[in-house]
Amino acid sequence: MLPSFAARPQGGGTAPCDERAVFTAVVYALTSGCAWRHLPPTFGTSPATAHRRFTVWTEAGLWRRLHRAVLDELGARGEVDWTSAIVDAASVRANREDR
């Protein structure tokens, strides 16, 4: 599902790297709240590469496709209970115009 990145024959462009490592670093940053610049070096990818790939993947619609694929797989195995749902919302004070 990940868009492919290939080095250009004339040089430059995107350097090859372990896509699984980049994906893991991106998921870590998103789920932990870690700033991109503070990604641990143990992921084996630079923070700049992780952020750049996240941006490209977001623009390519990867997260929506991945979410749908997970739901489809779980649904096919009967592991999703569609009879209930959880709605998450944030409360934000409305801006009053009459002040």
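Me: What pattern does the protein follow along the sequence?

Reply: In this predicted model, the pattern reads α-α-α. There are three helices and zero strands.

Me: Why is arginine 68 called exposed?

Reply: Its relative accessibility is 53%. Exposed means over 50%, so arginine 68 counts as exposed.

Me: Why is aspartate 72 called partly exposed?

Reply: The relative accessible area of aspartate 72 is 42%. Buried needs under 20% and exposed needs over 50%, so a value of 42% makes aspartate 72 partly exposed.

Me: What makes the pair arginine 68 and aspartate 72 a salt bridge?

Reply: The side chains meet at 3.1 Å, N to O. The cut-off is within 4 Å, so the pair counts as a salt bridge. Both residues lie in helix α3 (residues 62-76), four residues apart, which is about one turn of the helix.

Me: How do you know that arginine 77 forms a salt bridge with glutamate 79?

Reply: The closest N and O atoms are 3.6 Å apart, and the limit is 4 Å. Arginine 77 also meets glutamate 73 in a salt bridge, at 3.1 Å. Through shared partners, Glu73, Arg77 and Glu79 are joined into one network.

Me: Which residues make up the largest nonpolar core?

Reply: That core has ten residues in all, among them Val22, Ala25, Phe43 and Trp57. Helix α1 gives the most to this core, with four residues.

Me: Which residues beyond its sequence neighbours is alanine 25 in contact with?

Reply: Leaving aside neighbours within four places in sequence, alanine 25 is in contact with Leu39, Phe43, Thr45 and Ala50.

Notes. Residues numbered from 1 in each chain as written. Predicted model: local features only at pLDDT ≥ 70, side-chain atom pairs only at ≥ 80, totals over all residues. Heavy atoms only, no water. Helix = DSSP H or I, 4+ residues; strand = E, 2+ residues; numbered from the N terminus. Core = buried A, V, L, I, M, F, W, Y, C linked by side-chain atoms within 4.5 Å. Buried < 20%, exposed > 50% of the residue type's maximum accessible area, 1.4 Å probe, protein only. Contact = heavy atoms within 4.5 Å.
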